[in-house]
Amino acid sequence: MKTVAKNKLLLGAVLPLLPLAGTHAQNKAKESAPNILFIMSDDHAEKAISAYGSEFSRLAPTPNIDRIANEGALFEANYCCNSLSGPSRAAVMSGKHSHANGFMRNGNKFDGSQLLVQKVFQANGYQTALIGKWHLVTKPTGFDYWTILNDQGEYYNPDFITENDTVRVDGYVTDIITEKTMDWLEHRDRSKPFFMMMNHKAVHRNWWPAERHYHLYDNVDFPVPENYFDDYEGREAAKKQKMNIYRDMYEGHDLKMNVAKGSDSLRFDPWKHLNRRMTPEQWKRFNDNYRSKNDSFWEQNPQGKDLAIWKYQRYAREYMATIASLDESIGKMLDYLKKEGLLDNTIIVYCSDQGFYVGEHGWFDKRFMYEESMKMPMMMRFPPKIKAGTHITKLTQNIDFAPTFLEMCGIDVPKEMQGVSFLPLLEGKKTPDWRKYLYYHFYEFPGFHSVHKHYGVKGERYKLMYFYQDKVWELYDLKNDPMEMHNIYGQKGTEKITAELKKELTKLQQQYEVPQRCME
Ligand code: SGN
Ligand code: CA
């Protein structure tokens, strides 16, 4: 792999220290201040992480990612506030819901002048860095060093953008991000603690594995979700989406089927689309080593359910094979921190930017407030404060991350952040007053996959959603219907719980000051 020259690595954008409301700008962190290594992947579903214990992940385990959970805490009820990449990243860094940080849908221009967690760390004597996916359109702020992918980035031979230039780097994106992160850690200012964001591209569409993983799951049959052939009865918005594996996935671009000569849009040739970054030799190896061995069933021209199931398996195998490189990356980072004697004084976080569907309801992608996409896999390791094997079952959200990280490092949490620190949960303290409901709001319509705008409230047992442009409500009892197949809104016997949830919804919208214009 080609790396950026050392002097460039060290010449990050040094931003002026800003007066930060509610923080004591000390400019020098205590000697013992912990470091933070924040690792975010993209579209990593909970069921694809073996620490969560699904049958699906048992067939394709993630032992290194699991180390973080096993030696620390696994979050079982962590949720994003808006299930999309840009909005989730903006919520993590600002500690605020989308309407308050201004980044409501992908493609918005992020206001980098606002208060952000990395700026608070920087003002408190931390060295800050960001490597990998950014996706917020405007340039990163608050990082001493940054290098980012262009928009979604490329799996093979990707471009990396820095303050001054754009450099194409040969190699596979997950490996390059890992090496760049280690390189930065190696050359950092060792007199300061660090706050490092390592943001992977994997496992985003179109799920392109590293060459060494092409055949990893060729012979594995992943369990097909029982609602794979969902008919969306009683769920109007679900009927209108365009994210079915068997109907909407591009056969060429997504499923990498040999469709180069096909003309209809489902047969999109990957070479002509996102993977034109592969060299002709890489493309040849892909054709010779992968497609030629995996396309025989499809070449027999299967139809109907047989084809739909085959597509699911192809998708699940490529999705999991792409995760294999992520798991290797986490293993390398943990080993590096150990070798450097940093393992126990570094707060290590692994999370995905949101959840993802791997066949539930027949889908890929995210966006909906249903569990698989609203849930955001999350785990943390920090032995001084977190006992190995901790399970966090209370409701937490991505807006809580910034307040938690700051409190764990002994830095005051700025009052304008809307999230709350979940450090007491990590420490196993009694928290009888912990929140009972979370607020969710999805804005990207019209947009990819045609998921209509909606907001809602999620409690421990019940979930209420409102597709406000369609004026359609949905209510789920997650205890009796964990797969959210039965919308019980308006049914006899649900009056009391509906009224309670509507009250909570209004309360949260007032608390977070959601403007009326965002709800029309
Ligand atoms: C791309 C994908 C979509 C995906 C969005 C947002 N299409 O546009 O399927 O929903 O990103 O994803 S692709 O064929 O171009 O990959 S997000 O995770 O970044 O929010
Ligand atoms: Ca994502």
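The structure is a predicted model, in which local features need pLDDT of at least 70 and side-chain atom pairs count only at pLDDT 80 or more, while totals for chains, interfaces and linings use all residues. Residues are numbered from 1 along each chain as its sequence is written, chains are lettered from A and ligands numbered from 1 in the order in which they are written, and side-chain values use heavy atoms, with hydrogens and water left out.

Ligand 1 is surrounded by 19 residues, each with a heavy atom within 4 Å of it. The closest are R205, D365, K366, R367 and H449. By type, this shell holds 8 charged residues (Asp, Glu, Lys and Arg), 3 nonpolar ones (Ala, Val, Leu, Ile, Met, Phe, Trp, Tyr, Cys and Pro) and 8 polar ones (the others, Gly among them). Oxygen atoms of ligand 1 lie 2.8 Å from a side-chain N or O atom of R205, 2.9 Å from a polar side-chain atom of H253 and 3.3 Å from a side-chain N or O atom of D43. Taken alone, ligand 1 exposes 470 Å², and the protein buries 92% of that area (Shrake-Rupley method, 1.4 Å probe).

Turning to the strands (DSSP E runs of at least two residues), β5 covers residues 145–149 and is largely enclosed by the rest of the structure, because 5 of its 5 residues are buried (under 20% relative accessible area, 1.4 Å probe, protein chains only). Strands count as paired when DSSP finds at least two bridges between them. Strand β4 (residues 127–132) runs parallel to β5, joined by 4 bridges, and I131 stands opposite T147 in β5. With β6 (residues 159–161), β5 pairs in the antiparallel sense over 2 bridges; here L149 stands opposite F160.

Definitions and conventions:
Polar contact = N/O pair within 3.5 Å; in protein donor to acceptor, adjacent residues only side chain to side chain. Buried < 20%, exposed > 50% of the residue type's maximum accessible area, 1.4 Å probe, protein only.
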